[in-house]
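Hi,

Here is the structure I promised you.

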Amino acid sequence: MELIARGRDADVYALDESRVLRRYRRGGPTEREARLMAHLAGCGYPVPKVYEVTDTDMVLERVTGPTMLDALARSPWRVGSLGRTLGRLHDRLHALPAPQWLPRRFATAGDDRVLHLDLHPGNVLLTGRGPVVIDWSNAGAGDPAADVAMTVVTVGSADVPGLTVRFGRSLLVHGIRKGCRTDPRPRLRDAAEAKLTDPNLRPAEAAWLRRHVDDRPHGLGRLRRSRGA
């Protein structure tokens, strides 16, 4: 099998022209992830079709197109419009009530919504039919503000090509905020603290989060005060 993508938890192999195999290296929540993707597809949300599932593997529709991260690296002048697209994907997702079987994360006192909790540019494929969201292994039910906040802190701390320039990351966050109706600021600290528990966090990312988890002028406090941070 041809390896076509490698993530922090899983590898993706081409099976044929229409299918890929996503294989978790240490096992994953494949059954719940597949169930959620089928649920979202039934609601009209853009996800790949799921064909087969085992404890470690998922056979998925092969979706053709660059990731949003690749598009940012090749065409950085699109940062504003791509950020707004990411914000609108949050809005579309958060319009959906969470199914009862989805684990609660960042729960609300009222109506929980579906949260992706890793909705960054590397997990959005730009296809001929529009953006498609992948990698639902972290998904849960809860407060939409936490989902947007997790995207903001992920972009802010990102140690990946295409998001290494501070100004570019700020423009991307600004675009996300412009495209999304949900204000992430009340949940920024929660999201940063949750991100710090990620075993796949790179040292530079963890260092950024530790520096910015407080309210210093250049930390998350600045994001709380400004839509354009």
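Helix 4 passes helix 7 in a right-handed crossing. Bear in mind that this is a predicted model. The two axes, for residues 144-157 in helix 4 and 203-212 in helix 7, come within 9 Å and cross at roughly 120°. On the helix 4 side the contact is made by Val153, Gly156 and Ser157, which meet Glu205, Trp208 and Leu209 of helix 7. Sorted by class, that contact has 3 nonpolar, 2 polar and 1 charged residues.

Helix 4 also packs against helix 6 (188-195). Here the angle is about 60° and the axes are 8 Å apart, so helix 4 is oblique to helix 6 as well. This crossing is right-handed too. From helix 4 you'll find Ala146, Ala149, Met150, Val152, Val153 and Thr154 at the contact, and they meet Leu188, Ala191, Ala192, Ala194 and Lys195 in helix 6. The split by class is 9 nonpolar, 1 polar and 1 charged. If you click on Val153, note that it turns up in the contact with helix 7 and again in the one with helix 6.

Then there's helix 3 (residues 79-94), which packs with helix 4 at an angle of about 155°, axes 10 Å apart. An angle over 145 degrees counts as roughly antiparallel, so that is how helix 3 runs relative to helix 4. Leu86, His90, Leu93 and His94 in helix 3 meet Pro144, Asp147, Val148 and Thr151 in helix 4. By class this contact has 4 nonpolar, 3 polar and 1 charged residues.

Now the largest pocket. Its volume is about 1400 Å³, and 49 residues line it. Which of them lie nearest the centre? Those are Gly7, His120, Gly122, Asn123 and Asp135. The lining divides into 22 nonpolar, 13 polar and 14 charged residues.

Several elements supply at least two lining residues each, among them strand 1 (2-6), strand 2 (10-14), strand 3 (19-24), strand 5 (57-61) and helix 2 (68-74). Helix 6 is on that list as well. Which helix gives the most to the lining? Helix 4 again, with 4 residues.

Cheers

Definitions and conventions: Residues numbered from 1 in each chain as written. Predicted model: local features only at pLDDT ≥ 70, side-chain atom pairs only at ≥ 80, totals over all residues. Heavy atoms only, no water. Axes fitted to C-alpha atoms, helices over the stretch in contact; angles between N-to-C directions. Left-handed = near helix turned anticlockwise from the far one by under 90°. Contact = heavy atoms within 4.5 Å. Nonpolar A, V, L, I, M, F, W, Y, C, P; charged D, E, K, R; others polar. 1 Å grid on protein atoms, 1.4 Å probe; cavity = no way out; pocket = protein on both sides within 12 Å on 5 of 7 lines; lining within 4 Å. Points joined across faces, edges and corners; volume = space filled by probe spheres on them. Parallel < 35°, antiparallel > 145°, perpendicular 65-115°, else oblique.
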